[in-house]
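Hello,

Here is the structure you were going to look at. My notes on it follow below.

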Amino acid sequence: MIDSSTDVHVEAAKIQKDIKGYLGLRTNALIFEYSSFEGKVKLDLITINPRHNQSFLFHSVLGFDKVDALKKMLEYVENYKEKESPYTIQWIAKGDKELHTSYFRASNVYDALDKLYYGRDMNIITVFSVVLNPVA
């Protein structure tokens with residue numbers, strides 16, 4: 001008989017649920033994307049904005065395995081507001097007529113733009129402004 005407390009998939013599902021709960025997002029608004037990177041597991045946490053139907057990178061971590069990467073992501077999610085600055089980016093996608101506003105937490109302006117451009121051709125989006133928001 002398999003001990004469920006050591007089941008990697010059960011543990012991974014629990015941590016993913018904790019991350020979703022902490023962020024307060026619906027299940028279909030978060031994607032956990034795993035890949036291999038230099039012998040480790042890379043986890044990209046991607047958010048989907050239902051208003052303009054676009055996906056953005058929330059954060060990336062490297063772990064020894066899937067569960068380790070998830071634990072590191074949960075730790076980031078629990079503390080990111082104290083460690084990263086809030087940015088507002090106004091942008092428009094090629095072929096769109098509407099200006100969009102997206103919000104990111106990032107260590108610097110380049111990191112915020114990387115999160116906006118994640119997984120897409122940079123020529124598809126035109127950025128009109130990037131603002132570092134004051135911290136209250």
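**Contacts and cores**

Setting aside neighbours within four places in sequence, Leu 23 is in contact with Leu 30, Leu 45, Phe 58, Val 77 and Tyr 80. Please keep in mind that this is a predicted model.

Leu 23 also belongs to the largest nonpolar core, which has 19 residues. Leu 23 is one of the residues with the most contacts inside this core, along with Ile 19, Leu 45, Met 73 and Val 77. The elements that give two or more residues to this core are α1 (8–23), β1 (30–37), β2 (40–49), β3 (54–63) and α2. Helix α2 supplies the largest share, 8 residues. Apart from this core lies another, of 11 residues, including Phe 56, Tyr 87, Ala 112 and Leu 116. In soluble globular proteins, nonpolar side chains tend to be buried together.

Two single residues are also worth a look.

Trp 91 sits in strand β4 (residues 85–93). Is Trp 91 buried or exposed? Its relative accessible area is 0%, so Trp 91 counts as buried, the cut-off being under 20%. The side chain of Trp 91 makes a polar contact of 2.9 Å with that of Ser 102. Val 127 is 36 residues away from Trp 91 along the chain, yet their C-alpha atoms are separated by 4.3 Å.

Glu 84 is in the loop between α2 (66–83) and β4. Glu 84 is buried too, because its relative accessible area is 12%, again under 20%. Not counting residues up to four places away in sequence, Glu 84 touches Tyr 76, Arg 105, Ala 106, Ser 107, Asp 111 and Lys 115. With Tyr 76, there is a side-chain polar contact of 2.4 Å.

Regards

Note on methods:
Residues are numbered from 1 along each chain as its sequence is written. This is a predicted model: local features need pLDDT of at least 70, side-chain atom pairs count only at pLDDT 80 or more; totals for chains, interfaces and linings use all residues. Side-chain values use heavy atoms; hydrogens and water are left out. Helices (H or I, at least four residues) and strands (E, at least two) are DSSP runs, numbered from the N terminus. Buried means under 20% relative accessible area, exposed over 50%, partly exposed in between (1.4 Å probe, protein chains only). A polar contact is a pair of N or O atoms within 3.5 Å; within protein, one must be able to donate a hydrogen and the other to accept it, and residues adjacent in sequence count only if both atoms are side-chain atoms. Contact means heavy atoms within 4.5 Å. A nonpolar core is a set of buried Ala, Val, Leu, Ile, Met, Phe, Trp, Tyr and Cys residues joined through side-chain atoms within 4.5 Å.
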